[in-house]
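Biologist: Could you show me how to read a few features of a fold from its coordinates? Please give me the general idea and then the case at hand.

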Amino acid sequence: MLIDAPASVQTSNELPAGGSDPDRFACQEAWYPVFYVEDLDKTKPNKFTLLGQDLVLWWDAQSNWWSAVADQCPHRLAPLSEGRITAEGLLECPYHGWAFRGDGVCDRIPQAPDDTKPQESKRACVQSLPTTVRQGLLFVYPGEAENAANVAVPIVEPLEESPNDWVCLNTFRDLPYDALTLLENVLDASHVPFTHHRSVGNRANAAPVELEVLAADKQGFTGLWAEGPRKGTLGQQHTRFIAPGLMWHDLTSKQFGRTMTVVYATPIRKGECRVFARFPFQFSSKLPAFFIKLTPRWYSHIGQNSILEDDQIFLHYQERYLEAKGGSDRFNQAFYLPTKADAFVSQLRQWVNQFAADPFPVKRCRATAERSAARSLPFAHRPLHKLPSGTGKPEAGTAGLGDRRRNFLGSSSASGASFPLPAVVATGWRGLVGIGQSGAAIL
Ligand code: FES
Ligand SMILES: [Fe+2]
């Protein structure tokens, strides 16, 4: 089912993302990006898990659209993602050959006396989910299908204003922590000098970060860092969070033009998410755009991955410790947030709590011991200093900056220092506030 959904500018006729209950954000009732379209293979079923539901994404050549269906054959539940696309453009189950159209209707049962007729029973259909393509991303709507066309797709509005003026680096990766943990991390500008010391940050540049929330409601919030990165030498940085899974920082400076850091956090299942990071630039000079356009995508992917590795071990443990202390519900007791640097973190957690927006909430148990016993996220027993092998293409491996642990422990010989890529490749995450906090010029 392909929906020509409206852009994210809300009108009075639209349904708000998260459903119509003003007190609750229903996570199913929203559009989520699942792949960059350029990474999808039209000749094969593509697999993705969204909010715990296994899906198959496949190109329906009969209707010229991307279909998303449940990854369970209605016959005996074999995964359709292991099947194939037939010459007629059907999704064929690998087990007994039942074949489905893009809208989920079963077109063929080879074992039926007349296997040429579409099967009328609803029980022969596979569940189909609405899809749409915006700004190069395939979005899926996991909620009530009839709502999908009226719910805004979370796009990056500034990119619509003058699409040809932007140069954009894109990357994505599956990460071993929750989408909310990722959002909390990327909204937090103040971690960059320490966490990303010698990759895109510098401890020496840590300073007060006075963040201000300007407006907030069920649909998200806007915020401002009036001083901005690099101790005010670049200008104000604006931040926007569009619930449930999109945020960006937006900075315009004389030195570098306009730079944005855009992050989509798509929940896969509890403890796992897919990050889509986009780095749109409008440089004041033409040279950086020229180099970025020349950079092969796999090359910049390596650079972006290594910066994600800087945070990974912290976030993996942090979310488990928070869960043991009661999760988002009790973030004020679990975290101590005395400075304005954490204003966006607090706002995100307040949004989660006010609108019951955690898709995987911690069980409500009174006693700490009970909460501990109820913990559902296991700690990793494998090294987390490198990203796990991802499911996405291009598969860039895990070429990291080196031994994160040595860096964490403060060794001056941290191999994080030997950033082997041209600075232009690392440009993306610098925008996170960074451009910057390293104090070094981007180019
Ligand atoms: S399980 Fe799919 S055809 Fe039998
Ligand atoms: Fe980070």
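Modeller: Here we look at a sheet, a helix and a loop residue in this predicted model.

Biologist: In what order do the strands β1, β11 and β10 stand in their sheet?

Modeller: The order of this open, antiparallel sheet is β1-β11-β10. β1 (32–36) and β10 (131–134) each have a single partner strand, so one side of each is left without a neighbour in the sheet. On average, neighbouring strands are turned by 35° against each other, direction ignored.

Biologist: How many bridges join β10 and β11?

Modeller: Four bridges, in the antiparallel sense, with β11 covering residues 137–140. Thr 132, for instance, has Phe 139 in β11 as its bridge partner.

Biologist: What should I check in a helix?

Modeller: In an α-helix there are 3.6 residues a turn, so residues three or four places apart point the same way. A span check is handy too: at 1.5 Å a residue, the 12 residues of α7 (343–354) should span 16 Å, which agrees with end C-alpha atoms 16 Å apart.

Biologist: Which residues of α7 are buried, and what covers them?

Modeller: Among the buried ones are Phe 344, Leu 348, Arg 349 and Trp 351. Their cover includes α2 (179–187), β13 (211–217), β14 (220–225), β15 (237–242) and α6 (331–334). Just after α7, Ala 356 has a positive phi of about 45°.

Biologist: Is Ile 109 buried or exposed?

Modeller: Buried, because it has 20 C-beta neighbours inside 10 Å, and 20 or more is the cut-off. Ile 109 sits in the loop between β8 (106–108) and β9 (128–129). Its contacts beyond four places in sequence are Trp 98, Asp 115 and Gln 119.

Notes:
Residues numbered from 1 in each chain as written. Chains lettered and ligands numbered in written order. Predicted model: local features only at pLDDT ≥ 70, side-chain atom pairs only at ≥ 80, totals over all residues. Pairing = 2+ DSSP bridges. Helix = DSSP H or I, 4+ residues; strand = E, 2+ residues; numbered from the N terminus. Axes fitted to C-alpha atoms, helices over the stretch in contact; angles between N-to-C directions. Expected span 1.5 Å × (residues − 1). Buried ≥ 20, exposed ≤ 12 C-beta atoms within 10 Å, placed from the backbone. Contact = placed C-beta atoms within 7 Å.
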